[in-house]
Every structure is written in structure tokens, then in C-alpha cells.
Amino acid sequence: MKTMSNRPRWLLLLFVFALVVAACAGDTESTTTTGAPDETTTTADSGATTTTEAAVDSAMTLTVDLNPDAVWSDGTPITAADVACTWNANLNTPGAISTTGWDQILSVEPGTSDKQVVVEFATVYAPYKGLIIQILPSHLIADCNDVSTDFLDAIPVSARPWQLTSWSLDQAILEPNPAYWGDDAPVASRIVMVPRTDDGGIAALGAGEVDFIFPQAFAGITDALAADNIQFAPGYGTNYEGLYFMQGEVRNGPFADDVFREAFSKSVDRELILANIYDPIFPGAPLLQCGLWVPTVGPWCENTQFVDSYDPEGAVALLEGEGWTLNGDGFWEKDGEVPEIKWMVNTPNPRREGTQALMIPEFAAAGFNVVADNGDAAAVFQQRLPAGDYDLTMYINTAQPDPSVTSIMSCSQVPSAENQNQGQNNTFWCNEDASALMAESDLTIDETARADLIHQIGQALVDDHVMVPLFQFPNIAAWRTDRIEGDAPSADAANYRAFNHSSNLWTPLSDSGEIIIGAEQWPECINPVTECANSSWMVWTTSFAVLPAIWDTTSDGTFELTNLVAGEPTVTVNE
Amino acid sequence: MARFIGRRVAWAIPVLLIVTFLTFWAVKSATDPVQSFLRINTRATPEMVEEYKVKHGLIGSTPEQYVHWLGNFVTLEWGNSIKGNRPVWPDLKAAMVNSLVLGLTASFVGITIGLGIGILSALRQYSKFDTAATGAAFVGISMPPFVSAVLLQVFFAIMITSWLNLDKPFLPVAGIYPPGQTEFDLWLRMKHMILPVTVVAIQIIAVYSRYMRASLLDVKGSDYMRTARAKGISERKVIMHHALRNAMIPVVTVAAIDFGAIVGGLIITERIFEFRGTGDYLLTALGNGDFPQIMPLMFIIVSSIIIFNLIADLAYAWLDPRIRLG
């Protein structure tokens, strides 16, 4: 008994000692580090950066006159300093999502006044119109070279019709920007956005809890949305869905083997997917036959390149020729090993999970051991995809109005130690010739010559079996006709900027004068420069809605000048 | 009794340290916090990585790292999340409050109703009420929350709303407040809890009614109950003073352990009802491999379970003197 009674005292002392040691250990941290500024730049007040000697080597100059009336919602004028700050933030912030394009800029300086922006590029940079978006308010940023600790819970000012007055993990509230200078001021008193996942979003719309949703299409969605007071509008937007093969040696998965990947690619029965997955949603819609672009946006899609991609006999011949044999389970085997192909999609996503349910048995019948290996959207798109942690994946991509795919397909963008794993080439495809074409296309402003280069890149995608395009994806906007009036919502079905493009034109019918949007995904953070911006829903619900741009994109994939600008910008290619 | 309590408390402390150490080791192994940090901060300099490692106690051997982390934890230096660089505590606190409010309310409602049904079933064994309650309990136990949740959503939020031609849902589908609500409002908060509480309570009622029925029937047939009746004590007094107290012993134990698990969240219910509790928080953090977010919550969950196990032990001893004498 004595022994028993002593033990607790001893253990209590142990615990107290552990806590004291732990508490003391917790005090040892002392270092703080800030982002290293770019060596070629000098930092002025609020981080706006200029480089004086850079203009000497400038290959292209973009000059933009900002609207004299353009001000942030707190009344501060929008100036060249804001554009310079945006450049520095995207180029130098440690967690910046992409430096592509920004790294081609030599300097951003005020011209004849601080309302004129002069951007000098090191090379001719054809996709410049899509670069300067989400301009940041330099007057609110302590260090433009590292904005990773800014915008944690707020984007405090706006230069759009709406301003973000509240954001949390539960909802975002947009209210009219009182300092907005444009003539398209909001009609509604406010827009409230709340997270409502796929099924929940449709239920919430039916119940009248939300007024508008922007759901992903799936078989049966038309039935799910069938109600007298619900209208929905499909539109051929700019999104396309495809299958992507992870071929990087860093994973050393089955698709790192070129022959195996080609054989698998030839075994994808796209017509079967069309008939079972897409046709029930939009009957009669065709397969997409080009990669990375869509036929309704510009001349970039050579829409015949993947017509003959399905070739099961060719796949068998290819594998047998390389010494693969079918084992007793009917799977292709070589050297006693059956490759396991991990197919990753984000869940919940009824359409993609339905595709898996349809195709995994088909792949098995063709001799491929495919297993579903799914995760939620955040894990899939922000963690596993950039890390190359998959073999096969399926997702929607957006065909940009500018056709450059350098940032997602060039060799230099394959994540590696050399680029500090910042590359966005998530398939890890590296074809030096194709990368050279990408670089050349980025330097080619002539549209006809550029289209030819893009078509050659598209053919390289076919030849190297990088991906298989499936469908130019219809967007769906669905809304309550007893809550929102007018045709404006339908315009959002095919739009780069989703619902916020015309949300200022919606007329609410409720007494409160507000419009409630159910968001299919919800961002965990709202920094427009860091990995937070990897979420479409982040930019749609917050930063696109409030941060200005020089050009916006339209539904048909063209660029249009915003009212941030006074007059047409000038582009000078320097000899 | 004091000695019994002291012994139990003393045992709980090393258990807490050992379990949280094992949790620390498991979470660190599974998520590799440095790699998670690098995946999200792709352009982090070596200095930033070093700072991150120091701040989160990721230097030295695993036991050293644990001690360092524990030091940060007890001094409330919980740091920021990897994803979004958000302070850990405010989001975790909000999630814990939501889960506790949901879990405790559902437990209170569920246990109260469940015990009542169990007692009545035991007292009227094989009656129509007992048969109906038993059948309903099996349905409740068998029905997973993702089924009952969706059924309740469709019925109360869509069908009734449509039948009554209401402008807004009869009962809210999701969230802890209506969209746009930014201030505390008790009525709205309660209204938004009706469906999720019902979903959780259905299972609690079903389970506890079965526990209570079985336990009370067991006690009713014991020798001391016959002795009490033989002494001429009224049946009401026999039940109230002797049977119920003894029948409550196993139920209290289970209840205490269940309470301890509440802080871990109700993952399915929280997901379906967009109720941002700790279950939802933990899933998101695990998806991001967000070590700074995961570990404090894991520590709290483990602590909560150990503490409520301790409470169960103490309650058991209080209800049954033979326990503490042993």
C-alpha cells in the first residue's frame, strides 16, 4: 500500500517538471526572418520598387494611364505605386503562387504623373494583358516584398463596385463601395456569400436559404434543380475537363514509363465517358479534341488533335512489344510487378466520382490496375497536385484568353529544387522542344504566327501523352427567380469571373435588398498573392470582387479594358 | 475518497503525457510539418524554414521536439497555421465553442430523453411502449447521421417550406446563423441548431434508452431489490431509492466518456450542416497537413478524454462505494 501511495506523488512531480521544462524550452525561440528582397531592386516607401538602370535593356514598354477618378474605397488614389507594389509582392513574397510574367518585368515607374504607369519588360511578353490583375493597395502594405502576413481576414479596401466588409470561415459580405467612380454601381444593398457544398447548395437554393449558386454539373442536376422558382442557365464557358498523367520521375510512378503511359492513354475510351457522364447533363455536346484550350476562345484550339486518341489494339501491341504480359488477374505485368495507378479526384464531386465508378472497371478490363485515391478539394488542389502526389487525376482547367501555357507546362515550371519547388507544371512533363515553342509563343505578338506555335504545342501534348481532354465544360448558374430579377445571372454561366462579373447588375426582389450566394467551395484564407489564390472560389468570392485590374476577361475569352484605365494603353516593342 | 481521487489524478498525468507524446510522434510522422510548410511556402528561404522549425519545436530528437512543442503549448505560443498564416487559437476556439455547444446540447437532450425512455421501457417490460421504443431504438442506432441529416434537411427545409409556401426555409439547412448575420442572436442560433442537434440526439436517445433499459432490468432482478420489497418498502421507493441509483452506474460511465469525446467534434454532422466545429476543423487541418493546427486540438481531445474518464471513475466511485474501498 505504501508503494502505491508514493507513486502518484512521484508522477505528479514528473508532470510538473515536464511542464516547467517545456515552458522554459518554449522561451528559446528568438529568430525572426523577413522575405529577402530581390537583389536588383530598391525599396521605397511602402515597398513600391523602382529600378533605374533596368529600362536600358527593356524589350517592351507598357504605358497605362490610370483613370484620374480611380480611388480606393478609403479615398486614396490608385497610382503607379500600387502596380509597383503588386509586382514586388508577386515576385518576392516567399509563398507567392506564381512569378511567371512578373519575373519578366524590369521596372514599374510612374510616368508623367503618378497616374501614369510605365512597365518595362525584359523580353517581349505577349500575355501581358492577363498579368496585371488584382492590384494591391500599396498604402496599406508595410512591405510589398512580403505580403504573406497581410490579408489574413480582410481585404480592407476596394476599387470595384463592391467592397468586402466582412470575411470569415463562415461567410463573406460585400457592400457597395461608396467611393466607386464607375457607372455600374450595385443595385443590391449587399451580397452575402456562404459555403454550401454541391448537394447542400442545391438544397439551400430549393429551400430559399440562398438565391444563387454556381454548382458543378453532374448527371441529374437538371432534375435536382427542377422547380418553378428556380432557373438555371448552362453556358459554354472557358472551362474544360481532362485526365492528366503524372509522369515526373520524382514520383517514379507507373506513368514515368513512357510506353506504359502511352498505352494507358490509348485505352481511355472517351466516347464511353461522354455517353455516360457528360451526355446526361448536356445531350449532344461533343468531346473536346484539343488540349489546354477550347474552340470558343480564340484560334488556339486545333479541335481535331485528339480524335484518334482511343486505340485499345494499339495499346496492347505497344505493351506486348515492350515485354508486358497479362497476369492471372488480367493486369499488365512486367518483371513480376503490376503497376498500381492511383486516380485522384476531389470529393465530394459526383461527376468525377461517377467517372471513376464507370472507368475503373473499364481500365481493369483493359489490364490496368487503377484505384481511387481521393481527397477534399483543398488537399487535392493545394497539396497533392502541386506535389505530384498522384498518378492519374481529373479536373477542370480554365482556358485563358491568352493562350500561354508556359506557366503550367514548360520544363522550367516542373517543381524542382532549382525553382524552389515553385513550378506549377503539375504533370511534370518536360519536352525541351515544346518548352522552346512556349517561350517563342510568349514573345510572338502576331496572332496568326502565335496560333501556329500554339497548335504545335498542342500536337506535342498528343505525341507525349501528357493528358487527355474530355469536355469543354458547361458552367451552370442557377438562381431563384423570386429573389433575383433580370437576365444578368444567366450571363454568369459562361464567365471567367464567375458570378461577381455582373453581380452589381442583379436586382434583388427580397425586402432586405440583399442577394445570398451559396459557394460550392470555401477558401481557408484570402491572400491574393500566396497559395490562397490557388482556389477559384477564393478569387471569385473575394479578391476579384474588390481588387482592380487593367484588363478583365469577358465570357467569350477576350480582354476588355476596365474603368481603372483612361484610354487605350500603349505597348512599345523596343528594338 | 480523497486518496482515491489523488491516486486517479496522479495516474492521469503520465497517461496524458504518454498519449500526447505518441500523438505528437504520429502526427509529425504522418504530416511532416516541414514538408507541409515547404509545399505551401514554395519560395521560403532556408532562414524562414529554420525559423519555422524553431518556432514549432521541430529541432532535435522527437522527445526533445515534444518537450519544446509542449512548452510552446502550455505557454499559449500556438503559432500560426501553415495554410493562410492564420493564428491557430482564434479559429480553434471558435470551432471548439461550436462543437461543444452542439455536442453538449445534443447530449443533454439525447441523454435526458433516452434515460426517460429506457426507464419507462424497463418498468413496463414487454408492453406496447417497450416494443415501440425498442424498435425505434434499433432504427435510430442503425441509421447513420448522413442519412438522417439529409432526410431531415429535405423534410424540414424543403418539403415543409414548399407546403407552407414560405419565403425562407422552415428550418435552416446549414450554418450556425442565417447568411448575413454578424451579431449574436440566441433565437437564431437555437433555430440553426435544431436539425443538427436532432441528428446527433437521435443516436444518443437510441443508445442510452437501450443502456438504461438493460441496466435497470438487471438491477430490478437483483437480490437486494427482492430484499427491499420483502421489507415492505413501496415499489416507488424501491425504484427511486435503490434501483435507479445502481442502474445509473454503467450509464454514467458511458456518458462521461462520451462527453470527453465531444470536443473532438461530430465530423459527419458538422460537415453536412456546414457547422464549423472541431471535426470540420480537424479534417481541414489534416488535409492541409497543417501541424500547428492539428497538434493543439489533438492535445485538447486527448486531455478531454482522459479528464472525462477520470470523472467517470470518480462518479463510479461516488455511486458505488465498493469501488473506492477496493
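**A tour of chains B and A**

Begin with helices α5 and α10 of chain B, which in this predicted model are roughly antiparallel to each other, because an angle between axes of over 145 degrees counts as such and theirs is roughly 160°. Select residues 88–123 for α5(B) and residues 235–262 for α10(B), and look at where their axes come within 10 Å; α5(B) passes α10(B) there in a right-handed crossing.

Next, show the side chains at this contact: from α5(B), B:Ser99, B:Leu100, B:Gly103, B:Leu104, B:Ser107, B:Ile111 and B:Leu115, and from α10(B), B:Val251, B:Ala255, B:Asp258, B:Phe259 and B:Ile262. Coloured by class, the residues of this contact comprise eight nonpolar, three polar and one charged.

Now move to helix α1 of chain B by selecting residues 2–31, a run of 30 residues. At 1.5 Å a residue α1(B) should span 44 Å, and a distance drawn between its end C-alpha atoms comes to 42 Å, which agrees with that expectation. Just after α1(B), stop at B:Asp32, where phi is positive, at about 45°.

Finally, turn to chain A as a whole, whose secondary structure consists of 14 helices and 22 strands. Of its 575 residues, 53% are buried, and among the contacts in chain A with a separation of 6 or more, 71% join residues 24 or more positions apart.

Conventions:
Residues are numbered from 1 along each chain as its sequence is written. Chains are lettered from A and ligands numbered from 1 in the order in which they are written. This is a predicted model: local features need pLDDT of at least 70, side-chain atom pairs count only at pLDDT 80 or more; totals for chains, interfaces and linings use all residues. Helices (H or I, at least four residues) and strands (E, at least two) are DSSP runs, numbered from the N terminus. The expected span of a helix is 1.5 Å times one less than its number of residues. Axes are lines fitted to C-alpha atoms, for helices over the stretch in contact, and angles run from 0 to 180 degrees between N-to-C directions. Angles under 35 degrees count as roughly parallel, over 145 as roughly antiparallel, 65 to 115 as roughly perpendicular and the rest as oblique. A crossing is left-handed if the near helix is turned anticlockwise from the far one by less than a right angle, and right-handed if clockwise. Two residues are in contact if their C-beta atoms, placed from the backbone, lie within 7 Å. Ala, Val, Leu, Ile, Met, Phe, Trp, Tyr, Cys and Pro count as nonpolar, Asp, Glu, Lys and Arg as charged, and the others, Gly among them, as polar. A residue is buried if 20 or more other C-beta atoms lie within 10 Å of its own, exposed if 12 or fewer, and partly exposed in between; C-beta atoms are placed from the backbone.
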